[in-house]
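Please look first at the whole fold and then at the places where space is left between the atoms. The paragraphs below begin with such a space and then move to the helices, strands and single residues around them.

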Amino acid sequence: MTEGNAAWWWERQGEEACVVAPTDTLSVTDALPPTGLIYAARLQGREMRDSDGVFSKFHEALRLPNCFGWNWNALRDCLTDLHWINATHVLITIDDADAVLSESTEERAILIRALNDAVKFWSRRPEPPGQEKFIFRVVLLL
């Protein structure tokens, strides 16, 4: 996955979650942003077999606000807000991503779409004047 520049992974225009197969590797140097504060959330896919597990783990890992609605629309809204996170880079990693919502392919598709939409939203959002661009990345470890 290395492109020769430690910052390539953060600087590329991400439009989707990055899926990493068990045989792939991403070095720590590549996984860290070139500058700025990073907020990293690591979720365990085996603990997210149903929607309640997904909402609970995202609520814990991202410290979602108390007004979080515990539904797909609320999760999507929070992923495209994140004003409570004091960082310029957010990295969400889901271990055993193939176990997430393993009994509901329909809900799994909703989650993947919400994650991809959030990555796309943040990559297309203009850089605020005088501020570093907010970068949002998702890695699905299979």
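The largest cavity holds about 30 Å³ of space, where a cavity is a set of points, on a 1 Å grid over the protein atoms alone, at which a 1.4 Å probe fits but cannot get out. The points are joined across faces, edges and corners, and a volume is the space filled by probe spheres set on them. Rolling a probe the size of a water molecule over the atoms shows where empty space is left. With 30 Å³ or more as the rule, the count comes to 1 cavity. This is a predicted model, in which local features need pLDDT of at least 70 and side-chain atom pairs count only at pLDDT 80 or more, whereas totals for chains, interfaces and linings use all residues. Residues are numbered from 1 along each chain as its sequence is written, and side-chain values use heavy atoms, with hydrogens and water left out.

Which residues line the largest cavity? They are Trp122, Arg125, Pro126, Pro128, Lys133 and Phe134, lining residues being those with an atom within 4 Å of a point. By class, this lining has 4 nonpolar, no polar and 2 charged residues, where Ala, Val, Leu, Ile, Met, Phe, Trp, Tyr, Cys and Pro count as nonpolar, Asp, Glu, Lys and Arg as charged, and the others, Gly among them, as polar.

A pocket, unlike a cavity, is an open set of points with protein on both sides within 12 Å along at least five of seven lines. The second largest pocket has a volume of about 200 Å³, and its lining includes Asp81, Leu82, His83, Gln131 and Glu132. The lining of the second largest pocket divides into 6 nonpolar, 3 polar and 3 charged residues.

The protein as a whole has 5 helices and 4 strands, which are DSSP runs numbered from the N terminus (helices H or I, at least four residues; strands E, at least two). From the N terminus on, these elements run α-β-α-β-α-α-β-α-β. Of the 142 residues, 43% count as buried, a word that means under 20% relative accessible area, while exposed means over 50% and partly exposed lies in between (1.4 Å probe, protein chains only). Among contacts (heavy atoms within 4.5 Å) between residues at least 6 apart in sequence, 66% join residues at least 24 apart.

Helix H4, which spans residues 72–79, shows how burial can be arranged along an element: Trp72, Ala74, Leu75, Cys78 and Leu79 are buried. These residues are on the same side of H4, because they cover an arc of only 160° around the axis, the arc being that of the directions from the helix axis to the C-beta atoms. An α-helix has 3.6 residues a turn, so residues three or four places apart point the same way. The buried residues of H4 pack against helix H3 (51–62), strand E3 (89–95), helix H5 (105–124) and strand E4 (135–141). Asn73 itself lies in H4 and counts as exposed, at 55% relative accessibility.

Ser51, in helix H3, counts as buried at 16% relative accessibility, and, leaving aside its neighbours within four places in sequence, Ser51 is in contact with Trp72, Leu101 and Glu107. The C-alpha atoms of Ser51 and Asn71 are separated by 8.1 Å, although the two residues are 20 residues apart along the chain. Thr93, in strand E3, is also buried, at 12% relative accessibility, and touches Ala41, Arg42, Leu43, Val139 and Leu141, not counting residues up to four places away in sequence.

Arg63, in the loop between H3 and H4, has a positive phi of about 50° although it is not a glycine, and Arg63 is exposed, with a relative accessible area of 61%. Asp96, in the loop between E3 and H5, likewise has a positive phi, near 50°, in a residue other than glycine, but Asp96 is partly exposed, with a relative accessible area of 25%.
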